[in-house]
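This report describes a protein model for a reader who is new to structural analysis. Please look at the sequence and the structure before reading on.

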Amino acid sequence: MNSNAPLLVVVDAANVVGSVPDGWWRDRKGAAERLRDRLASDGMPGVAGPVEVVLVVEGAARGVESVAGVLVESAMGSGDDHIVDVVAGAGERPVLVVTADRELRRRVGELGAEVAGPRTVRP
């Protein structure tokens, strides 16, 4: 691991947004934008040092724009596959994936990523 590189935090937007039944299904893009804005303003609670946040969106949430502090990537296919690709491309830097999806947790864990649940970034 390259301890000098900032922590790469990859957030599974669909999984995190879907973790709270607050009506997100009526406006998936808006829900992803609210999550993006929360990440941009609050950062990663409990994480010391610099971080780079990548929010992966899919489906109806595609088209959410990046903002200062949060890079948004729209998955053209499976969001989970895109997240695995991001983790695989991270090289030696430390990676934290935020999701509750068990299969995704297993896949990124095999690549050396740490995993945290949605409550890490969602009240």
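The sections below treat the basis of the model, its overall fold and its salt bridges.

## Basis and confidence

The model is predicted, so local features need pLDDT of at least 70 and side-chain atom pairs count only at pLDDT 80 or more, whereas totals for chains, interfaces and linings use all residues. Residues are numbered from 1 along each chain as its sequence is written, and side-chain values use heavy atoms, with hydrogens and water left out.

The average pLDDT (the predictor's confidence in each residue, from 0 to 100) is 92 for the protein, and 97% of the residues score at least 70. Where pLDDT is low, predicted coordinates should not be read in detail.

## Overall fold

The protein contains four helices and five strands; these are DSSP runs, with helices (H or I) of at least four residues and strands (E) of at least two, numbered from the N terminus. Along the sequence, their order is β-α-α-β-β-α-β-α-β.

For 123 residues, a compact globule would have a radius of gyration near 14 Å, and the 13 Å of the protein agrees with this. The radius is taken over C-alpha atoms, and the globule rule is 2.2 Å times the number of residues to the power 0.38. Of the 123 residues, 40% count as buried; buried means under 20% relative accessible area, exposed over 50%, and partly exposed in between (1.4 Å probe, protein chains only).

## Salt bridges

The whole structure holds five salt bridges, each defined as a side-chain nitrogen of Lys or Arg within 4 Å of a carboxyl oxygen of Asp or Glu. One of them joins Asp-37 and Arg-36, at 2.8 Å from N to O. Asp-37 is partly exposed, at a relative accessible area of 38%, while Arg-36 is buried, at 9%.

A further salt bridge links Glu-52 with Arg-93, whose closest N and O atoms are 2.9 Å apart. Glu-52 belongs to strand β2 (residues 51-57) and Arg-93 to the loop between α3 (79-88) and β4 (95-98), so the pair ties together parts that are 41 residues apart in sequence. Asp-81 and Arg-107 also meet in a salt bridge (2.9 Å, N to O). Because Asp-81 lies in helix α3 and Arg-107 in helix α4 (residues 102-110), this pair ties together parts that are 26 residues apart in sequence. Finally, salt bridges that share partners join Glu-103, Arg-106 and Glu-110 into one network.
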